[in-house]
Amino acid sequence: MSGKLIGRRHALKYFGLLSSSAAGIEFLENWLPQRPALASSMPGMQGPTNADESVPTPSPADTESPYVLRFFKPDEFRTVEILTEMIIPTDDQPGAKEAKVANYIDFVVYSAAEFEPSLQKQWIDGLHLINKLSAEKYGSAFSDLPGAQREDLLTEMSAPEHDPNAEHPGYAFYKLLKSMTLEAFFTSKVGLIDFLEYKGLTFLTSFPGCTHPEHQT
Amino acid sequence: MASQPVYDVIVVGSGAAGGIACHVLATQGLKVLCLEAGRRIESAKDFHTHTFPYGWTYRGNGKPGQYGKLPQGMEWKIKEWTDHLYTIPDEDPYALAPGAKFTWTRMRVLGGRTNCWGRGCDRFGPLDFKAKSLQDGWGEDWPITYDDVAPYYDKVEQFIGVAGSPEGVYNTPGGKYLLPPFNPRCGEWLIKKGAEKLGIKVRPKPLAVLSKPYHGRPACHYCGGCNWGCEVAARYGSVDSVFPHLEGLPNFTLRTNAAVHTVLMDRNTGKARGVTYIDARNKQEYEAYGKAVVLAASMVESIRILFNSRNREYPNGLANSSGTLGRYLMEHVAFNDIQGFFPQLAGRPTTNDDGPGESCLYIPRYNYGHKDTKKYLRGWRFDFYTGCGMGPGPGAELPGFGSAYKKKIKELYPAAFSIGGYGEGLAFDWNYVEIDPDGLRDRLGIPQVRFHTFAEYPHAFAIRDEMYAQMEEIMRAAGAEIFPYKKVAPYPLGSVTHEAGGARMGDDPKTSVLDKWNRCHDVKNIIVADAACFVTHPEKQITHTIMALAWRACDHLAEEFRRGNV
């Protein structure tokens, strides 16, 4: 039934997915149009599209196992892992570690070579700076510090976030680290689905909206 | 050349205005050629509505810097979901006068910007068409009234399928053919209660999204991915709702990859006799012939075509004897949203809040008769977004890091809100577009435009301040916590993708380009059917009005054909 109604790609995309469950079958019955509607199902509308073919392909950082580092040296990468796991630690819920945030950042920073090489420099300089600050204060590289001292240093670097009058030479790198960690975590399956429990981008036959009388009156 | 067909009408563009023009003209039996500058697309193949961020190589964001520095209002549009649909400004630049800003969103594919549009379908009201005479004496009136357009709003709503409420509020009319509205989310109810405490009305947002199956199209399945194009055509777009029904008709021809360069004139009659276009694949120029030309290429493109068609008779641009072509450009007064959360919703289990992609309620304009007309004119609308989205929500904006920070993000995630608005933008002759005097050309070699547009004028700042204050008041009345925010300058023209004006309608050929039927005063068989015809820019979204006016203009054109007047 499917191929004629909404085209082969749809058949693959939707029907395989949906017809595998009772809920999916119910959904299809309720939702399907009575007659074909889409351009891709009309005679003469299939084409030549001289596309720009665009096919979703996940990142090597999400698919390669084990992930092969592309940008950071192993000791730098270790520091990136520690830092991202400090921003979003693993507690009773998964964190940057489970989401492999450091892998993804390695891949993105590597990929910046073409259009935004300054991003590579910001990371190299930032990691250099954090080791320098760490050496000045505690006499060793950041990755060699005990957890409490790492925490203290990162807290110092973040001070301007709480106090607009505060300044810290490591603040710019802290902001970069934080924003890229958040982006990597919340665009990952672990961050978006497992941690936030985002339930959308799916197929519903109806949308109930708010079901709480106390919100409505 | 003699063997080339002469069409009744050449329609330039296939988006909001072009799609409607093709539908109206071809279904009335006229022989129509539609020229679309972009390629043909198929929704099943070119839209990736159901792809999660982690389905993309760069989680949807593209390689760092891949899209260049996008102008204000385009950052969220060009993503891996859509980068094959939009024109990337760095790859095909346009010119800006010193200090000027403009955000030009181009989607050069079949269906134009109806592929990824906001779907909001407010009607303009009676006061919007006669703002000068019925509101405050400023600017110009349209040469038409709400009653002239109302039947065409009806036709558009019937044709495209709009969910909403049949009841309007003052100067924001409802419609009798609307499909049932969508069910609001928790946060939307809270805002409604808060606003109503202040005497401000909240109403279902009219959306071109199907709340039930309609005209062979399926109902919305509430995935929320509409901004990336709807794979199943549950929201209106001309790719799936217009062209499949026209192709195959003997009197309709669609030609894609055909970028119209100029309108061809007939020296003897002073009328248009067709267009020249460049085939985007081989960059060769061709001619096509028609008894009338409907420009529906988008505000900027239609104006550009008229300027590029300048000739001995019209040295300053075709149909520009008034000198107003390209002038009186408008856009909403827009700026950053205010964000925060509802304490009463914090920490609850997450819910699927995607719904029909857009918010289900909104606040239409309510400040009629306000007394501050020395500071600002007219009014504003507010739109708000609440609940669990595809991002971490407001908690991520907080300072800090670590486990406590992470828990706070999770706690506030289901309680998120943001609220923003559009204020009425005013028409000034000093906001204009022209052909770049330095000779910039686009990727096909067609002379490109230069914008002289400035959004930071006194009215815009004043109405902005009023809007910030009102948004805060409403959100406090709703019991929300508002995050600290920075007031920013009004965004550039074009940043809402609601640019309009530049070939405005009017009764006086000395001060307007188009007559009340969207025909050029100077050349009556050229119609400009897109937002270039706008005279005012109220707080409402503009696409519905574009479609209604295109329908009206083309209905009239078809009638003129029947009477033998073309």
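## Basis of the model

The model is predicted: local features need pLDDT of at least 70, side-chain atom pairs count only at pLDDT 80 or more, and totals for chains, interfaces and linings use all residues. Residues are numbered from 1 along each chain as its sequence is written, while chains are lettered from A and ligands numbered from 1 in the order in which they are written.

## Overall form of chain B

Chain B contains 12 helices and 18 strands; helices (H or I, at least four residues) and strands (E, at least two) are DSSP runs numbered from the N terminus. Its radius of gyration is 23 Å, close to the 24 Å that the globule rule gives for 566 residues, so chain B is as compact as a globular protein of that length. The radius is taken over C-alpha atoms, and the rule is 2.2 Å times the number of residues to the power 0.38. The C-alpha trace of chain B spans about 75 × 55 × 50 Å along its principal axes.

Of the 566 residues in chain B, 60% are buried, that is, with 20 or more other C-beta atoms within 10 Å of their own, C-beta atoms being placed from the backbone.

## Helix 6 of chain B

Helix 6 (residues 186-197) of chain B has 12 residues and reaches 17 Å from its first C-alpha to its last, close to the expected 16 Å, which is 1.5 Å times one less than the number of residues. Nine of the 12 residues are buried, including B:Trp189, B:Leu190 and B:Ile191.

These buried residues pack against helix 12 (213-216) of chain A and against elements of chain B, among them strand 12 (380-386) and helix 11 (458-477). B:Gly199, which follows helix 6 of chain B, has a positive phi near 80 degrees.

## A helix pair in chain A

Helix 5 (residues 74-87) and helix 10 (residues 171-186) of chain A pack at an angle of about 75 degrees, with their axes 10 Å apart. Axes are lines fitted to C-alpha atoms over the stretch in contact, and angles run from 0 to 180 degrees between N-to-C directions. Helix 5 and helix 10 of chain A are therefore roughly perpendicular, a term for angles of 65 to 115 degrees.

A:Leu83, A:Thr84 and A:Ile87 in helix 5 meet A:Leu177, A:Lys178 and A:Thr181 in helix 10 of chain A.

## Contact between the chains

In total, 71 residues of chain A are in contact with 70 residues of chain B, contact requiring C-beta atoms, placed from the backbone, within 7 Å. Elements giving two or more residues to the chain A side include helix 5, helix 10 and helix 12 of chain A.

Definitions and conventions: Angles under 35 degrees count as roughly parallel, over 145 as roughly antiparallel, 65 to 115 as roughly perpendicular and the rest as oblique. Two residues are in contact if their C-beta atoms, placed from the backbone, lie within 7 Å.
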